[in-house]
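Here is a friendly tour of the pockets in this model, with a stop at one pair of helices. Please take a look at the structure first.

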Amino acid sequence: MLKLSSLAFVVLAFAFFLCFIMSTGDGSYNYFQFVQQWPPATCIRSTKPCSKQRSLPIFTIHGLWPSNYSNPKTPSNCNGSQFDAIKLSPRLRSKLKRSWPDVESGNDEGFWEGEWNKHGKCSEQTLNQMQYFERSHEMWIFHNITKILKNASIVPHPTKTWKYTDIVSAIKALTRTTPLLRCKRNPAQVKGQPQFQLLHEVVLCLEYKALKQIDCNRTAGCRNNVDIKFQ
Ligand code: 5GP
């Protein structure tokens, strides 16, 4: 009897161990998050000061992140081919300069390299380096978040606030899938004044092969029931 239960324990422990390895291991992901950032918000309270001219008033790409439902922090820094600048054609490079600039320091290629090495490598079996950057640029062109919000009268404003659902509905109406919004805390919160947060990033989700868009899970992101400023 005792032997049977210890055997069951060993089998269970091994199953848990396997699950753990599979959820954190290299190259294991369920879907993609395509993250676009609002540069003026990126530059607020940034640990690295932004170069002023990079504070663009358009949403630009932060990254395309293979992601896991079970562990939002993985996968990252997987085994795989390191970034190779040669693999970006001059044409793709000039497209990325528009869609994927480094808004913090102006080192565009350094930013692409960091994103590929930290995230892109983890889905190399699906998108090689060139496909990874091509697909990201295509998504940026196809879903112009700046224009979508502008058409819904959601434009930068110093005092106006929006509800989370106002912004999500405007995007969903065009993309037909639920995005995820990521916010930053208000750096100038005054005690006793109504709280608000700043719209920082819009995430669109894609299935495993990065071909079709899917609804994003609202796992992390903006805080519930706190109004959002877009400035
Ligand atoms: P992740 O590394 O997971 O892609 O995203 C977090 C990092 O991205 C942060 O360290 C943040 O500083 C960085 N980040 C966001 N926007 C930019 C950018 O425009 N340029 C650079 N170099 N880093 C950025």
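A pocket, on a 1 Å grid over the protein atoms alone, is an open set of points where a 1.4 Å probe fits, with protein on both sides within 12 Å along at least five of seven lines; lining residues have an atom within 4 Å of a point. The model is predicted, so local features need pLDDT of at least 70 and side-chain atom pairs pLDDT 80 or more, while totals for chains, interfaces and linings use all residues. Residues are numbered from 1 along each chain as its sequence is written, and side-chain values use heavy atoms, without hydrogens and water.

The largest pocket has 22 lining residues, and Q33, W65, P72, K73 and R182 lie nearest its centre. Strand β2 (60-67) is among the elements that supply at least two lining residues each, as are β1 (31-37), α4 and β4 (180-185). The largest share, four residues, comes from β2.

R182 also lines the second largest pocket, together with residues including H62, D102, F111 and E201.

| Pocket | Volume | Lining by class |
|---|---|---|
| Largest | about 420 Å³ | eight nonpolar, ten polar, four charged |

Now to the helices. Helix α3 (residues 90-99) packs against α4 (residues 108-118) at about 95°, with the axes 11 Å apart. This makes the two helices roughly perpendicular (angles of 65 to 115 degrees). In contact (heavy atoms within 4.5 Å) are R93, L96 and K97 of α3 with D108, E109 and W112 of α4.

Key. Axes fitted to C-alpha atoms, helices over the stretch in contact; angles between N-to-C directions. Parallel < 35°, antiparallel > 145°, perpendicular 65-115°, else oblique. Points joined across faces, edges and corners; volume = space filled by probe spheres on them. Nonpolar A, V, L, I, M, F, W, Y, C, P; charged D, E, K, R; others polar.
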